[in-house]
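Q: I want to learn how to read a model, feature by feature. Where do we begin?

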Amino acid sequence: ATAKQFSVQDLAKKSAKQLVALRNELRKELFESKLSLSLRKLNQTHLIKLARRNIARVNTALKEKSVA
């Protein structure tokens, strides 16, 4: 799992195609984290919140690209 917060500046530099791929990857990680949590295998529960926030950041960057 990517236990890293993405910065807005880094996301702004990426192309829309890269952002969509990144969002899909993050959604997959979020799904796997939730599955691990339900099976009582996830010790780092903060990763779920981090993944959700990162997905929101990517969505915001995509929205800004489409508007600009």
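This is a predicted model: local features need pLDDT of at least 70, side-chain atom pairs count only at pLDDT 80 or more; totals for chains, interfaces and linings use all residues.

Q: How many helices and strands does the protein have?
A: There are three helices and zero strands. From the N terminus the order is α-α-α. The C-alpha trace spans about 45 × 15 × 15 Å along its principal axes.

Q: Which residues of α2 are buried?
A: Start with helix geometry. An α-helix has 3.6 residues a turn, so residues three or four places apart point the same way. In α2 the buried residues are Leu19, Leu22, Arg23, Leu26, Glu29, Leu30 and Ser33. Their cover includes α1 and α3.

Q: Is phenylalanine 31 buried or exposed?
A: The cut-off for exposed is over 50% relative accessible area. Phenylalanine 31, in α2, has 56%, so it counts as exposed.

Q: What follows α2?
A: Look at the backbone angles there. Arginine 40 follows α2, and its phi is positive, near 60 degrees. The C-alpha atom of arginine 40 is separated by 36 Å from that of alanine 12, 28 residues apart along the chain.

Q: How does alanine 12 count, at 46% relative accessibility?
A: Partly exposed runs between the buried limit of 20% and the exposed limit of 50%. Alanine 12 lies in helix α1, residues 8–13. At 46%, alanine 12 therefore counts as partly exposed.

Q: Is asparagine 54 buried or exposed, and what does it touch?
A: Buried means under 20%. Asparagine 54 has a relative accessible area of 1%, so it is buried. It lies in α3, residues 46–67. Leaving out residues up to four places away in sequence, asparagine 54 touches Lys4, Gln5, Phe6 and Leu26. Leu26 is one of the buried residues of α2.

Q: What do the totals for the protein say?
A: Of its 68 residues, 28% count as buried. The protein exposes about 5,000 Å², and carbon and sulfur atoms supply 53% of that. Among contacts with a separation of 6 or more, 69% join residues 24 or more positions apart.

Key: Residues are numbered from 1 along each chain as its sequence is written. Side-chain values use heavy atoms; hydrogens and water are left out. Helices (H or I, at least four residues) and strands (E, at least two) are DSSP runs, numbered from the N terminus. Buried means under 20% relative accessible area, exposed over 50%, partly exposed in between (1.4 Å probe, protein chains only). Contact means heavy atoms within 4.5 Å. Accessible areas come from the Shrake-Rupley method with a 1.4 Å probe; for residues, only the protein chains shown count as cover.
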